[in-house]
Each structure stands twice: as C-alpha cells, then as structure tokens.
Amino acid sequence: MKGIVMPSPRTTLLATAVALAAVVAAPAPAVSAAAVPATGAYYVQSATTGLNAADNGGAVEQHRPKGNEDRQQWRLQPNGSSYVLESVDSAGSCLGRSGDQARTVACTSADAAWDVTELDADRYRLKVPGAERYLTLGAKPAGSNYPAQLAVGAAGGPAAWYLTPVAPTTRAMPPADQRTLDQVTFLTSHNAYANGVDGGFAPPFVNLVPNQSRGINQQLTDGVRGFMLDIHQTPDGAILCHNSCTLVSRPVALWVDLQRMVDFLARNPNDVVTVFLEDYVDPAVLQSELARVNGLSDVLYRPDRTGVRTNGWPKVADLIAANDRLLIFTDHSRSADQSAGLTRDTFGVMYQKEWTVENYWSMGGGLGASDWSCYSRWYDANTNIPLTRTESGFKPLFVMNHFRDAGITSTATTDNTKLADRAQRFCGPAARKKPNFLAVDHYNLGNPASAVATLNTYTYP
C-alpha cells in the first residue's frame, strides 16, 4: 500500500516546466459579468461528486474525469445575455436540456442557453433563463451512487458546479523557504515494503511480483519521500505484508521500517517524510508498535494540533525548523476506533480521509489496456469524498495513485514515463489541485523523478 520526504537534491532531476496555457479572456455579457469565468474550454464538474459532465451519444452524464478523452470538455461562450457550453469535440452541439434531463442540443436552440451565476468559493449554478430550474444531479437512490444521467431541477447542493479550466493558469513555485506543504510534490513508492530486499511480504507466488525492487534504505537514498505500507495484525504485532501474512517468510515489522525512516531523518535534517498506512490492526497494537521506534516522537508532526484546518498547511521550511518532519496517515475508520475506545490520532496517526484526497488506486491489470480516468478512491454508496474537496482555509493533500493491479516491471516502466502527462491532463484538473504525492510501482524505472521535478517548478494560484 502507501507515504513522503522532501526530494533530495542529489536525486532530483532538472526538468523544464511545461507551462499550461492561460485561459484567454473575452468580452462577457453585462449581466453577472464579474461572476462568470472568461470564454474558454472547461470541465463542467459536479461539486458534489467531483465527476464531469460528458456527452454520451446525446445524453449528458457524469463520468469519471478523463482529460481530453470521453467528450468531457465544453467551451463556454456568451450567447446574448446568457451563455452556451459547446462541445469541444462536436462543433454546434451544446450542453443543454430536454424536459427534465440534460442533453446535447443544437447551440442555436433556446434549450442550450444557461444563466451562469457564481454560488460561492468558485462554484457556479447553471440556470435555465427565465425559470427556477438548474443543471443538477439526478435523485440519489438509497444505498447507491448518484445516477450517471444529469438532470434539470431544483436549486440545492447537487446543483453546484465547478467550471474547471482545461488549461489552468499557473505561476512559478515560490522560493524554497516560502513553499507550503501543499505546494510541493513528493516521489512516493506504492507498497514500499513489497520490495523483495528487506524481507518477505506475501505468500510465495505473490513474492515473485514485487511492487518495488529496492529496500527502504535505498528508496530513501534515491529520493523517495512518500511510503505506502500495508500492515496486518499477527501475534507478533503490526507486520508488513500483502493481503495475508500467512506463509510469509522473513516478515518485517512496521516498527523496523519506521526506524529506518527516523534514522534517515536524523542524518538528513532538511528532509520530510510521509507514511500512508493501509491499516488492518487494532489501535492499541499500532500504538505499541510506534512506541518501539526510537526518536519517533522527536520528529512526528501533528497537523491536528497546529491549526492547519484554519490556517492551511505550514511552510516546509517551518516544519524543518521545528523538526516536525514525519507525518503518518492511516486509512482506518475513525468511527471503528471510537467503538474500540482508542483513536489513532491520540498517539499521532492522522486519519487520511480527514487530511487528504486520493484517486482510485488501480489503472487496471498489469498487462493490457489501462484506465487513466482520475476519480476518488472514496466515492461509493456509503462515502462521498470527491477529489475536489476543500474546506475554508484548508486544502487536503492530494495523493495521486499511478499503478496497476500487479507491479510488472515492463508495464511500470512504460506507465512511469507518462506520469507527468497524467498528472497534468487528467488528475490535476480532476482534483482542481496539483498532486502532492505521486505514488508508483518500481520508482526506479521510467524516471518518475522527472515528473516530480516538473511538478515542483510551478503551482496553481
């Protein structure tokens, strides 16, 4: 599974930033001019689900964000006192309506016109001119997701939309001493423990397909600063293994790898590391495991105690100055821990769903076609944490997964060469923020460090 450290100068590759084109401003109608984005290409993105409006054979549906694929891009342009959203893929065809359903219609049709008004915090409503009817999500059946088909109906939460630029403006990264944690991107190793070097991690057959080929110490030396780790409970405590620890030879305990990271931080006082736990242990077991790590409390960072939710993430330089240089997140459920009578944040392990957003973990099988769509790992009938989630004064860190079901080296090599492209064209617009952690298999293949370097040359305003 999943973790961070500041990219090391000796491993960071120089890369030329690929400047994303600024949206070209054009005259807008006098009505609500200040509240409407400039003419240009946008994704019409649900503020509720984070999914995009897409043309599916005339039906307008919410689909998983997929860059310039899947007919999800719309050109906003004035139309008298209103606006139309013309399909970038089909000239003359606009996002409109037929009865209570969203449909593509001729851009000359009255059913293509929308009044666009700013709601708040960069969110908009698309209103039928002269009527209190809005582009919205379909009614959500109990125990399921919102339906794909978009609707036209009443105002309310599901009628809120982001108009996310296809080519957002960027600005140069601030100087090193001014960069906040959420402006920086870190190379992250998926299933960092499953490396075939430090010890066993799965039953014999699975051991033949490790996700990494270098041990934790070498990963740190090479500039990996995020570590995804799976932990399972055994009579020996919290053990690093995949799915099951049964039949694992030479198992490694969590505290052993954490000790490696803490020792590295002691030798490298300007680095920061983050650990992401795919966590299947009782909270008391995890607490006991962390207590075995010498020096952990000296470097453990507690965002819950430093006003991050109110003031935003601190500068990396301030974390370094305070020696707050190790973050640990768990994907475990807070509610489950409350039932157990001990929450992990009482001993410094943050609940990931409260502090981060993360895209779905798989791009498909280890061989064959891949799925580059970018949507939340935590979007299902019971959970709705869109990649676009923000709070007043606080932006969650964005963990971008970029790997397959199996860590086949040839596939990972090819996928890793495309990391920057997916981050910029697919996942960045999907989350409306730059990825902070680029998680890959076989980080030493395909040069994903160059993608990290590229993303660390710019930020979004």
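Let me begin with a term: a residue is called buried when its relative accessible area is under 20%, exposed when it is over 50%, and partly exposed in between, with a 1.4 Å probe and protein chains only. What we have here is a predicted model, in which local features need pLDDT of at least 70 and side-chain atom pairs count only at pLDDT 80 or more, while totals for chains, interfaces and linings use all residues. Residues are numbered from 1 along each chain as its sequence is written, and side-chain values use heavy atoms, with hydrogens and water left out.

Next, the cores. A nonpolar core is a set of buried Ala, Val, Leu, Ile, Met, Phe, Trp, Tyr and Cys residues joined through side-chain atoms within 4.5 Å. The largest one has 56 residues, and those that touch the most other members are Leu229, Leu254, Met261, Val275, Leu286, Leu326 and Ile328. If we leave aside residues up to four places away in sequence, Leu326 touches Val262, Leu265, Val273, Val275, Leu296, Val299, Leu300 and Tyr301, a contact being heavy atoms within 4.5 Å. A second, separate core has 26 residues, including Val36, Tyr42, Leu95 and Ala102.

Leu290 sits in helix H3, residues 283-291, and counts as buried because its relative accessibility is 6%. Again not counting residues up to four places away in sequence, Leu290 touches Leu258, Leu296, Ile328, Phe347 and Val349. By contrast, Ser109, in the loop between strand S7 (101-106) and strand S8 (115-120), counts as partly exposed because its relative accessibility is 25%.

Helix H11, residues 448-455, is mostly covered, with seven of its eight residues buried. The buried residues of H11 pack against strand S14 (186-189), H9, H10, strand S23 (437-440) and strand S24 (458-459).

On a 1 Å grid over the protein atoms alone, a cavity is a set of points where a 1.4 Å probe fits but cannot get out, whereas a pocket is an open set with protein on both sides within 12 Å along at least five of seven lines, and lining residues have an atom within 4 Å of a point. Grid points are joined across faces, edges and corners, and a volume is the space filled by probe spheres set on the points.

The largest pocket holds about 810 Å³ of space; of the 33 residues that line this pocket, the closest to its centre are Lys395, Arg432, Lys433, Tyr460 and Pro461. Strand S12 (161-165) and helix H10 (419-431) are the elements that give two or more residues to the pocket lining, and S12 has the largest share, four residues.

The largest cavity, for its part, has a volume of about 50 Å³, and the largest share of its lining, three residues, comes from helix H9, residues 409-417.
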